[in-house]
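User: I would like to learn how to read helix packing in a model. Can you take me through it step by step?

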Amino acid sequence: MTTTDSLRIVRDRAVALERQLDSIGAVGNGLGEKYRNLDLPAAVQEDLRQVVHLRNRVMHDGIDLSPADLARFEQAADRAMTA
(Lines give C-alpha, C1' and ligand atoms only; values in the text may rest on other atoms or scores of the structure.)
Protein backbone atom coordinates (compact mmCIF):
# COMPACT_ATOMS: atom_id res chain seq x y z
CA MET A 1 0.00 0.00 0.00
CA THR A 2 1.33 3.43 -0.87
CA THR A 3 1.49 6.47 1.37
CA THR A 4 -1.21 8.08 -0.76
CA ASP A 5 -3.50 5.09 -0.21
CA SER A 6 -3.07 5.17 3.57
CA LEU A 7 -3.54 8.96 3.60
CA ARG A 8 -6.80 8.55 1.67
CA ILE A 9 -8.00 5.79 4.01
CA VAL A 10 -7.29 7.91 7.09
CA ARG A 11 -8.89 11.04 5.63
CA ASP A 12 -11.98 9.26 4.31
CA ARG A 13 -12.64 7.32 7.51
CA ALA A 14 -12.17 10.41 9.68
CA VAL A 15 -14.59 12.41 7.50
CA ALA A 16 -17.15 9.60 7.67
CA LEU A 17 -16.86 9.47 11.47
CA GLU A 18 -17.23 13.24 11.70
CA ARG A 19 -20.39 13.12 9.59
CA GLN A 20 -21.80 10.35 11.74
CA LEU A 21 -21.10 12.38 14.88
CA ASP A 22 -22.76 15.41 13.25
CA SER A 23 -25.83 13.29 12.57
CA ILE A 24 -26.22 12.53 16.29
CA GLY A 25 -25.86 16.15 17.36
CA ALA A 26 -22.14 16.63 17.92
CA VAL A 27 -20.81 20.17 17.85
CA GLY A 28 -17.30 21.50 17.65
CA ASN A 29 -14.40 21.96 15.32
CA GLY A 30 -12.94 18.68 14.24
CA LEU A 31 -13.41 15.10 15.22
CA GLY A 32 -11.82 15.44 18.67
CA GLU A 33 -14.03 18.29 19.85
CA LYS A 34 -17.12 16.67 18.41
CA TYR A 35 -16.77 13.33 20.15
CA ARG A 36 -15.78 14.94 23.46
CA ASN A 37 -19.02 16.94 23.45
CA LEU A 38 -21.12 13.79 23.39
CA ASP A 39 -21.91 11.37 26.19
CA LEU A 40 -20.44 8.26 24.56
CA PRO A 41 -19.49 4.96 26.20
CA ALA A 42 -15.88 4.78 27.40
CA ALA A 43 -14.94 2.13 24.82
CA VAL A 44 -16.20 4.32 21.97
CA GLN A 45 -14.35 7.32 23.37
CA GLU A 46 -11.12 5.28 23.49
CA ASP A 47 -11.58 4.17 19.88
CA LEU A 48 -12.19 7.76 18.81
CA ARG A 49 -9.15 8.91 20.79
CA GLN A 50 -7.05 6.41 18.81
CA VAL A 51 -8.57 7.56 15.54
CA VAL A 52 -7.91 11.23 16.32
CA HIS A 53 -4.35 10.55 17.46
CA LEU A 54 -3.42 8.54 14.39
CA ARG A 55 -5.29 10.90 12.06
CA ASN A 56 -3.39 13.86 13.47
CA ARG A 57 -0.07 12.08 13.00
CA VAL A 58 -0.89 11.57 9.32
CA MET A 59 -2.70 14.78 8.46
CA HIS A 60 -0.88 17.33 10.62
CA ASP A 61 2.52 15.80 11.32
CA GLY A 62 2.99 14.19 7.91
CA ILE A 63 3.94 10.83 9.41
CA ASP A 64 3.39 7.68 7.39
CA LEU A 65 1.59 5.06 9.45
CA SER A 66 3.13 1.64 9.70
CA PRO A 67 0.95 -1.22 8.47
CA ALA A 68 0.25 -2.11 12.12
CA ASP A 69 -0.79 1.46 12.98
CA LEU A 70 -2.97 1.68 9.88
CA ALA A 71 -4.66 -1.58 10.87
CA ARG A 72 -5.14 -0.24 14.41
CA PHE A 73 -6.65 2.96 12.95
CA GLU A 74 -9.05 1.01 10.72
CA GLN A 75 -10.14 -1.29 13.53
CA ALA A 76 -10.79 1.60 15.92
CA ALA A 77 -12.67 3.52 13.20
CA ASP A 78 -14.78 0.47 12.35
CA ARG A 79 -15.69 -0.12 16.00
CA ALA A 80 -16.60 3.55 16.49
CA MET A 81 -18.75 3.59 13.33
CA THR A 82 -20.57 0.45 14.43
CA ALA A 83 -21.21 1.79 17.94
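Analyst: We will go through the helix pairs in turn, then the aromatic rings. Keep in mind that this is a predicted model.

User: Start with α1 and α4. At what angle do they pack, and how far apart are their axes?

Analyst: Look at two values, the angle and the axis distance. Helix α1 covers residues 3–23 and helix α4 covers residues 67–82. They pack at about 20°, with the axes 11 Å apart. That angle makes α1 roughly parallel to α4, because angles under 35 degrees count as such. The crossing of α1 past α4 is left-handed.

User: Which residues in α1 and α4 meet?

Analyst: List each side separately. From α1 come S6, I9, V10, R13, A14, A16, L17 and Q20. From α4 come L70, F73, E74, A77, D78, A80 and M81. Next, sort them by class. The contact of α1 with α4 has 10 nonpolar, 2 polar and 3 charged residues.

User: Now α3 and α4. What is their angle?

Analyst: Helix α3 spans residues 42–59. It packs on α4 at about 140°, and the axes are 8 Å apart. So α3 is oblique to α4. Roughly antiparallel would need an angle over 145 degrees. Here too the crossing is described by its hand: α3 passes α4 left-handed.

User: Which residues in α3 and α4 meet?

Analyst: On the α3 side they are D47, L48, Q50, V51, L54, R55 and R57. On the α4 side they are D69, R72, F73, A76, A77, R79 and A80. By class, that contact holds 7 nonpolar, 1 polar and 6 charged residues.

User: That leaves α1 with α3. How do their axes cross?

Analyst: The axes cross at roughly 135° and come within 10 Å. That makes α1 oblique to α3. The crossing is left-handed. In α1, the residues in contact are L7, V10, R11, A14 and L17. They meet L48, V51, R55, V58 and M59 in α3. The classes are 8 nonpolar, no polar and 2 charged.

User: How many aromatic pairs are there?

Analyst: A pair of rings is described by the distance between centres and the angle between planes. Rings pair if their centres lie within 6.5 Å. By this rule there are 0 aromatic pairs here.

User: And where does R36 lie relative to Y35?

Analyst: R36 lies over the face of Y35, 5.5 Å from the ring centre.

Notes:
Residues are numbered from 1 along each chain as its sequence is written. This is a predicted model: local features need pLDDT of at least 70, side-chain atom pairs count only at pLDDT 80 or more; totals for chains, interfaces and linings use all residues. Side-chain values use heavy atoms; hydrogens and water are left out. Axes are lines fitted to C-alpha atoms, for helices over the stretch in contact, and angles run from 0 to 180 degrees between N-to-C directions. Helices (H or I, at least four residues) and strands (E, at least two) are DSSP runs, numbered from the N terminus. Angles under 35 degrees count as roughly parallel, over 145 as roughly antiparallel, 65 to 115 as roughly perpendicular and the rest as oblique. A crossing is left-handed if the near helix is turned anticlockwise from the far one by less than a right angle, and right-handed if clockwise. Contact means heavy atoms within 4.5 Å. Ala, Val, Leu, Ile, Met, Phe, Trp, Tyr, Cys and Pro count as nonpolar, Asp, Glu, Lys and Arg as charged, and the others, Gly among them, as polar. Rings of Phe, Tyr and Trp (its six-membered ring) pair if their centres lie within 6.5 Å; planes under 30 degrees apart count as stacked, over 60 as edge-to-face and the rest as tilted. A charge sits over a ring if NZ of Lys or CZ of Arg is within 6 Å of the ring centre and within 35 degrees of the ring normal.
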